[in-house]
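Hi there,

Here is the structure I promised to pass on to you. Have a look at it first, and then read my notes below.

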Amino acid sequence: MLKGSRSLDVVLIELPTQRPESYAFSVPLTSIYSLIVRPPTLSSWYGSIGINLINGDTLPTLHFHDDESRSFTLASIPRPLVPDATSYPPPAPHVPQSGNSWGGEDLLSRLRSYAHLMRSTLDPTLFLVDPSRADIEAHSTQIFSDDAVDDILAQSSYANSHSPVPAHRRPRPVQTPPPNPYSYRSSVLHRSLSSPPSDAGPSSQARLALLQSFSNITRATRHAAQNILSHPLAKPIVPHLPDPVRSLVNANGEWEWGSWVEKGGVGEFESARVYLARWARIVAEEGERSRRREAQALPSMSTTEETSSLGIFELLHSTSNLPTPKSSRDPDHPVDEVMWAKWFAENGRPKVRIEEMKREVFRRGVSSKGKLRQTIWPFILGVYEWDVTRAERLHSWEEKRKMYFELKSQWCGVPEVFDRPDVIEERHRIDVDCRRTDRNQPLFTSKECKEKDGQSDEKKTYQRYSTISPDLGDIGSQSPTNEHIDRHASILLTYNFYEKDLGYVQGMSDLCAPIYVVMDANEEMTFWCFVEVMHRMKQNFLRDQSGMKKQLLTLQQLIGAMDPELYKHFEKTDGLNLFFCFRWVLIAFKREFPFDEVLRLWEVLWTDYYSNEFVLFVALAVLESHRDMILRYLVEYCNELSMTIELDTTLAQAEVLFLSFSQLVADIDRRKAAELRGPSTDGIRHRGGSTENIPRTLNIPTLSENLRELLHAGRS
């Protein structure tokens, strides 16, 4: 017999009173760590349950004599088979007792009314009571058969897939879903798991865990090898190293600072991580296509209500059948030199409006052939004025060139400023970052320029107080410098004098280096393009991090508005801080894509065509693309996405998400206006439709100012 009380939070177990021997004990549920459940077998007629306490003690084993338990033989009241569609999370489906049921199952079902029970995938007989996050991570890894990944790869059409429409835009199925064998688990990470194949039994190997562990071990090994080989004393032994190890350095024994990831490819040690991420993307795309097919086969759903602290769930059900936006992206036909030339008259004045130019760059991108980006980027960023003639544009540019050299002359060749303590500190930080930024690019991998003999003392003195990078011997294991690295550092130090309140912050070198490469080492143009980029992203580098906090808060609210289920998952897994998105937003996905794709992404973001903060919709698109895997497993999965994200698909989905969000905002505003207007009393039907179909009890959410600012496009 089981007695439980929510207020007392205890379980009291008593044996039948008619037996000559009897004993009883009580224990708080909060002190129970796990249960060892052993059902009846041919060798053991009676099942048993062992109770392990948090302090390490084990209570006497409970043996279930079902044939002697009158309470167990009584007919139980059947539960409804169709769960309440409005509740979240959905209750576990009831499984009718069969002739092989035993009392332990009844005890577990009653315990679930008072506590969360999670069955371990490592030991089927182990049930954790109110497991901690560490226990969930250790005991909830899904086991896959050895050929599961290969089957997914063979059955998917990933290569021909297009941008998936977000799941929250689809009506939910009205029929009862198939039984989910993982639904009894308390962890939200597993409630969304689909049913495995009927013939999928327990596997001897956890394939996913094996791939993740292999990735972690090999990545740590690679970093350790890099640290050792970076030391100058290691150069003599490089020719004698095995080929896989020697691949970490170049033929001359000098350090190759661009890793496999930064080169846009992968080494043999990274293959497991990339294979895992691509497989996850396939699963996400297949799940999205399945939801799309279900949505097309189901009728429209009416407005439903659900009380929520976020206040947004009520509206999403009513807007799920709004017209689905379509992406306008056409990256296969980028803006080329012929198209660009047609936009200008002979005197250099454009024939098209700047909005049209930005629209085409957003849709198509800029051709990577030739040096067209050197021409277009200054227009996109605002370095060049648009609606002026060529002569007027060149005159304005000459003024900016002079201003740059005036700024640089404040420190370059001035000993009392160059060796000032605060400048020395800035120089050191800039130098360290520039030496390790984009070292796989040819400009930054060229050999160090040797100092020429016979230089005058005056020229040597000027070089001493103008060169940012010190001698190689002064920096130990840091990578060697060269002329372009020093000029890159000079641009950042000049910006420190241009924007004195902000100065240099780590991460700025990641934003400046690609511009320097595209501008083909044009120092003045790189500086002013970088100034315009920082005008857009300066808030990310504020020392109190208020700008990044605001952006992550806005992204959090955007997830809550567009995908409440994902929001709840982050909330339950302590992931609402979105720290795994910090680097994405800080440097605009600079380290998440190969170098060439970073250039394509940035020129799209700089157009501000839809929103000044379109990078947040790109981040949301990445989360939506890998949504199924994030819901099934851990938030840490997002940290393994670097260099595995499909750019064109992500940008297309980001556009769809923005258009969906704008529809949502418009629908909220329309409903609020209708609610304030009230029913018509003059007998005239007003535009906007009748308000009779709008429930008066519907809680229309109020969007924050941060979310409404996402609709702002264009900069002054």
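**Salt bridges**

Let's begin with a charged pair: Asp-422 and Arg-420 form a salt bridge, and their closest N and O atoms are 2.8 Å apart. Please keep in mind as you read that this is a predicted model.

As background, side chains of opposite charge can pair when their charged atoms come close.

How many salt bridges does the structure hold? There are 34 of them. Another one joins the side chains of Arg-487 and Glu-483, at 4.0 Å from N to O. These two residues sit four apart in helix H18, so about one helical turn separates them. In general, an α-helix has 3.6 residues a turn, so residues three or four places apart point the same way. Arg-487 has a relative accessible area of 23% and is partly exposed, while Glu-483 is partly exposed at 42% relative accessibility.

The side chains of Arg-708 and Asp-669 also meet in a salt bridge, 2.8 Å from N to O. This pair links distant parts of the chain, since Arg-708 lies in helix H28 (residues 705-709) and Asp-669 in helix H27 (residues 647-677), 39 residues apart. Arg-708 is partly exposed at 24% relative accessibility, and Asp-669 is partly exposed with a relative accessible area of 32%.

Salt bridges can also join up into a network, as they do for Arg-359, Glu-360, Arg-363 and Arg-364.

**The inside of the structure**

Now for the nonpolar residues. The largest nonpolar core has 124 residues, and Met-508 and Leu-623 have the most contacts inside it. A second, separate core has 20 residues, among them Phe-25, Ile-32, Ile-51 and Phe-64.

Which residues does Met-508 touch, leaving aside those up to four places away in sequence? They are Leu-492, Tyr-495, Leu-502, Gly-503, Phe-530, Met-534 and Phe-541.

Met-508 is also one of the buried residues of helix H19. Why is this helix, residues 508-518, described as largely enclosed by the rest of the structure? Eleven of its eleven residues are buried. The cover over them includes helix H12 (372-381), helix H15 (421-435), helix H18 (483-498) and helix H20 (523-537). Just after H19, Asp-520 takes a positive phi of about 55°.

Enjoy exploring, and write back with any questions!

Best wishes

Methods: Residues numbered from 1 in each chain as written. Predicted model: local features only at pLDDT ≥ 70, side-chain atom pairs only at ≥ 80, totals over all residues. Heavy atoms only, no water. Core = buried A, V, L, I, M, F, W, Y, C linked by side-chain atoms within 4.5 Å. Buried < 20%, exposed > 50% of the residue type's maximum accessible area, 1.4 Å probe, protein only. Contact = heavy atoms within 4.5 Å.
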